[in-house]
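Here is a short briefing for a first look at this chain. Keep the structure open while reading.

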Amino acid sequence: MKKKIKYIYKQIKLVLLKLFYSNRTLAKLYYFFFDTSFNREMFSVIQGKRSYYRMSLGQNQNKYQLVRNIHKIEKGISMKNRRSTFALDFIEETVDTYLNLRNNLNIDSQISWAKEVLNNYFDITDSNNPIIGKMKKKFVETADNFEGQNIPYKSSERVESTISYDDFLILSKRRRSVRWYQQKEVNLDLINKAIELSLQAPSACNRQPFKYYIIKDEKILRRLSKLPMGTTGYADNIPLLIAVVGDLSAYFDERDRHVIYIDSSLSAMSFILALETLGLSSCIINWPDIEIKEKKIQSILKLDNNQRVTMLISVGYADQEGFIPFSCKRDVKDAITVI
């Protein structure tokens, strides 16, 4: 009976999909009348845009905006055949945002970086240009010192690496999805070290729109570890859980709504490789976009509407007797298309 109901359900689903798949308008109608799966994403995106503009227009204290603008200025400074004037359409916004953040927040490494890049910008651009001249005067009058060196540099000045391809291949093959752990407390200093390394991962315009939520409270950990699909059988074995949470308030436009998933994944990959070098194992746990589960995790982690969980990661010291799926990977030729 159950099998028959499932078959009928699939048949109805297929009929509906055949009716609505042929163009975008019909697809929109399908998701309006028959499927609400995208409702939360749309709500989160618009909440994020609202937060972005509120931070930008209110007190002009949008750090995401400052980081993006400074990144754009660094790209301009790094150009071959660099022009004597550039960034004219956003330099005023950048200087004002920097000054507001500097005056109202604790000075952190990114605020200091912004100052050093702006100083470099005003050193190399033509201050006879009225916009640049005005902003340079405003910046110089309020900046205290210019000793930093966190500005664009030559590729030949990058730090040397002694890691070979073979070494990296060994590390990549050692990293497996481990689900069975020793019941031993995880040293949070090691987690912090792994996160420090993970933050070196590339990120669109350097905005890094994500945070690592470290869950060590036993009650919360047990509730959360059973929420996603796929942890059946080992949820109670997880000694430490991490939720990677994206922040859609980093963006002013829908075109960037997927970047929280891309950037947090790039960072998470570095994070789990770093864990391996520190003697810890991990397993990425897929976070499903299912409304009832989203509501629960939002409530447990006290997330804003513009924040979205992109994945969970279990962490611990591997039980050496625990089994690991082989998970045969694709051949290279199946993973590439040369055009």
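In this predicted model, helices α5 and α6 cross with a left-handed sense. Their axes come within 10 Å and cross at roughly 145°. Helix α5 covers residues 91-104, and helix α6 covers residues 109-124.

**The α5 and α6 pair**

- On the α5 side, the contact is made by Ile-91, Thr-94, Val-95, Tyr-98, Leu-101 and Arg-102.
- On the α6 side, the contact uses Ile-111, Ala-114, Lys-115, Leu-118, Tyr-121 and Phe-122.
- Sorted by class, this contact has nine nonpolar, one polar and two charged residues.

**Helix α5 on its own**

- Helix α5 has 14 residues.
- From first C-alpha to last, α5 reaches 20 Å, close to the 20 Å expected at 1.5 Å a residue.
- The buried residues of α5 are Ile-91, Thr-94, Val-95, Asp-96, Thr-97, Tyr-98, Leu-99, Leu-101 and Arg-102.
- The cover over these buried residues includes α4 (63-78), α6 and α7 (130-142).

**Asn-120 in helix α6**

- Asn-120 also belongs to helix α6.
- Asn-120 has 15% relative accessibility, so it counts as buried. The cut-off for buried is under 20%.
- Beyond its neighbours within four places in sequence, Asn-120 is in contact with Ile-77, Ile-151 and Pro-152.

**The α9 and α11 pair**

- Helix α9 spans residues 188-198, and helix α11 spans residues 259-277.
- The two axes come within 8 Å and cross at roughly 140°. That angle makes α9 oblique to α11.
- The crossing of α9 and α11 is right-handed.
- From α9, the contact draws on Ile-191, Ala-194, Ile-195, Leu-197 and Ser-198.
- From α11, the contact draws on Ser-267, Ser-270, Phe-271, Ala-274 and Leu-275.
- By class, the α9 contact with α11 has seven nonpolar, three polar and no charged residues.

**Asp-263 in helix α11**

- Asp-263 is found in helix α11.
- Is Asp-263 buried or exposed? Asp-263 is buried, because its relative accessible area is 3%.
- Not counting residues up to four places away in sequence, Asp-263 touches Pro-202, Ser-203, Ala-204, Pro-209, Phe-210 and Tyr-251.
- Asp-263 and Arg-207 are 56 residues apart in sequence. Their C-alpha atoms are 8.9 Å apart in space.

- Arg-50 sits in helix α3, which runs over residues 39-57.
- With a relative accessible area of 47%, Arg-50 is partly exposed.

**Two loop residues with positive phi**

- Lys-302 is not a glycine, although its phi is positive, at about 55°.
- Lys-302 lies in the loop between α12 (291-301) and β4 (307-316).
- Lys-302 has a relative accessible area of 69%, so it is exposed.
- Ser-327 has a phi near 50°, a positive value in a residue other than glycine.
- Ser-327 lies in the loop between β4 and α13 (332-335).
- Ser-327 is partly exposed, with a relative accessible area of 41%.

**The chain as a whole**

- The chain has 13 helices and four strands.
- Along its principal axes, the C-alpha trace spans about 80 × 50 × 50 Å.
- The chain has 339 residues, and 40% of them count as buried.
- Take the contacts in the chain with a separation of 6 or more: residues 24 or more positions apart account for 79% of these.

Note on methods: Residues are numbered from 1 along each chain as its sequence is written. This is a predicted model: local features need pLDDT of at least 70, side-chain atom pairs count only at pLDDT 80 or more; totals for chains, interfaces and linings use all residues. Side-chain values use heavy atoms; hydrogens and water are left out. Axes are lines fitted to C-alpha atoms, for helices over the stretch in contact, and angles run from 0 to 180 degrees between N-to-C directions. Angles under 35 degrees count as roughly parallel, over 145 as roughly antiparallel, 65 to 115 as roughly perpendicular and the rest as oblique. A crossing is left-handed if the near helix is turned anticlockwise from the far one by less than a right angle, and right-handed if clockwise. Contact means heavy atoms within 4.5 Å. Ala, Val, Leu, Ile, Met, Phe, Trp, Tyr, Cys and Pro count as nonpolar, Asp, Glu, Lys and Arg as charged, and the others, Gly among them, as polar. Buried means under 20% relative accessible area, exposed over 50%, partly exposed in between (1.4 Å probe, protein chains only). The expected span of a helix is 1.5 Å times one less than its number of residues.
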